[in-house]
Structure formats: structure tokens, C-alpha cells
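Okay, thanks for coming, everyone. I'll walk through one model today, starting with a detail and then zooming out.

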Amino acid sequence: MSVIAIYPGSFDPLTNGHVDIIQRGAHLFDRIVVAMLVNMDKSPLFTVAERVDLAREVFRDHANVEVDTFDGLLVDYAERRGAGVIMRGLRAISDFEYEMQMALMNRHLNPDVETVFMMPAEPYTYVSSRLVKEVVALGGSVHGLVPAIVERRLREKKLARETLRA
Ligand code: PNS
């Protein structure tokens with residue numbers, strides 16, 4: 001029986017920490033579905049379509065990695081996709097409380113879907129989408145922390161915003 005794992009998140013933008021977790025998952029599971037939440041509370045830097053395009057580009061040579069979007073309850077999406085696993089990355093203790101609450105809430109909602117946590121490689125333990133956006137907005141470099149194409153798009157977004165403001 002093939003095991004499908006959902007890797008859900010905002011991915012605004014995809015970082016090398018996310019890429020690392022997806023690659024680890026792609027070795028463990030038959031199929032990884034990178035699932036981007038459509039209706040986020042936060043106002044994103046990249047539109048869903050832009051985030052999907054970026055992730056598809058990064059994983060275009062990975063036959064068992066798919067990029068999709070979802071809305072509503074994650075466990076309902078997992079069921080629709082026939083996925084028995086939700087995959088999440090854990091970087092530090094500070095991630096733990098939020099992740100445990102989500103995992104247990106999802107288990108309450110659907111005990112048949114198991115959440116699996118994975119740790120990224122050490123160089124990415126401090127990398128977050130939020131900090132990446134902040135550093136780029138303030139003129140710093142995120143080279144090596146995000147895929148090259150994400151780095152380029154971040155630069156383009158910054159230029160476009162500066163041009164709008166000028
Ligand atoms: O990358 P993020 O923003 O930490 O991802 C959070 C995400 C998308 C995994 C989470 O917000 C989510 O699963 N939302 C879907 C709504 C849902 O199912 N909520 C109840 C269970 S916690």
C-alpha cells in the first residue's frame with residue numbers, strides 16, 4: 001500500500017528548511033503533497049499562485065512531490081487525498097507547543113491521520129519564512145537560506161514595492 005504524506009503550510013515563501021523536510025519525506029513516503037493553505041489570516045507577500053509556482057519549479061524533477069492548495073480543515077483535505085500522514089518540521093523547542101496543539105487537534109478530528117515530525121538539517125534550524133521576509137525587506141541577504149529562484153523573486157518583489165512607493 002502506498003503511503004501519501006501531506007506537508008501543509010503557508011510557505012510564504014518556501015525556504016531551504018522546507019525543502020530539506022520535503023526531501024527527507026520524499027525518501028520515507030511514496031508521495032509528498034506540499035499543500036498550501038489558501039485562506040490565511042496573515043496577509044501574504046506572495047499570492048497562492050506565486051507560492052505554488054515557486055514550489056513546483058523547485059521540485060519539478062521530483063516525481064513523487066506534488067504541490068497543491070487546500071482550504072478548510074487539513075484533516076478533511078488529507079482524507080480527500082487518501083493521505084494517512086501529516087508531515088511537519090520541528091526546528092526548536094519554541095515550535096513544539098504550537099505543533100503539539102495542532103497535531104492533537106488533528107488527531108481529535110481524525111484519529112486515522114498521523115502527524116509525523118522531522119528535524120531539518122542544522123544550518124536551517126533558525127530559518128523561518130517570517131525572518132527571511134524581514135531580512136530581505138531591510139536589505140539583507142538570504143543567500144543559501146532559500147532556493148535561488150525564491151531569492152530572485154524576493155528581490156523582484158522588493159524592487160516592485162520600492163518602485164510603487166517612489
Ligand atoms: O506554515 P504554517 O503557517 O505554520 O501552517 C499552518 C497550517 C496551514 C498547517 C495550519 O494553519 C492548518 O492546518 N490550517 C488548516 C485549518 C485547520 O485544519 N485547523 C484545525 C487544526 S489545527
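This is a predicted model: local features need pLDDT of at least 70, side-chain atom pairs count only at pLDDT 80 or more; totals for chains, interfaces and linings use all residues.

Residues are numbered from 1 along each chain as its sequence is written, and side-chain values use heavy atoms, with hydrogens and water left out.

Let's stay with α5, residues 129-137. Helices here are DSSP runs of H or I with at least four residues, strands are runs of E with at least two, and both are numbered from the N terminus. Ser129, Val132 and Val136 are buried in that helix. Those buried residues fall within an arc of 60° when you look down the axis of α5, so they line one face. On the other side, Arg130 and Ala137 are exposed. By buried I mean under 20% relative accessible area, by exposed over 50%, and partly exposed is in between, with a 1.4 Å probe and protein chains only. The arc is that of the directions from the helix axis to the C-beta atoms. As for partners, the buried residues of α5 pack against α1 and against α6, which is 148-165.

Now compare α2, residues 48-58. Its buried residues are Val48, Arg51, Val52, Leu54 and Ala55. Down the axis of α2 they fall within an arc of 160°, so they too line one face of the helix. They pack against β2 (31-37), β3 (65-70) and α6. Contact, by the way, means heavy atoms within 4.5 Å.

Next, the stretch around β1. Gly9 sits in strand β1 and counts as buried, at 16% relative accessibility. Which residues does Gly9 touch, leaving aside neighbours within four places in sequence? Ala35, Met36, Leu37 and Arg88. Take Leu37: Gly9 is 28 residues from it in sequence, but 6.0 Å away in space, C-alpha to C-alpha.

Phe11 has a phi near 50°, a positive value in a residue other than glycine. Phe11 is also buried, with a relative accessible area of 4%. Then comes the peptide bond from Asp12 to Pro13, which is cis, with omega near 5°. Pro13 belongs to the loop between β1 (4-9) and α1 (16-28).

Okay, zooming out. The protein chain has six helices and five strands, and along the sequence they go β-α-β-α-β-α-β-α-β-α-α. How far does the C-alpha trace span along its principal axes? About 55 × 35 × 30 Å. The radius of gyration is 16 Å, which agrees with the value near 15 Å that a compact globule of 166 residues would have. That radius is taken over C-alpha atoms, and the globule rule is 2.2 Å times the number of residues to the power 0.38.

Of the 166 residues, 45% count as buried. Among contacts between residues at least 6 apart in sequence, 76% join residues at least 24 apart. And on charge, there are 20 positive and 23 negative side chains, with the centres of the two sets 6 Å apart. Lys and Arg count as positive, Asp and Glu as negative, while His and the chain ends are not counted; each charge is placed at NZ of Lys, CZ of Arg, CG of Asp or CD of Glu.

That's my tour, thanks.
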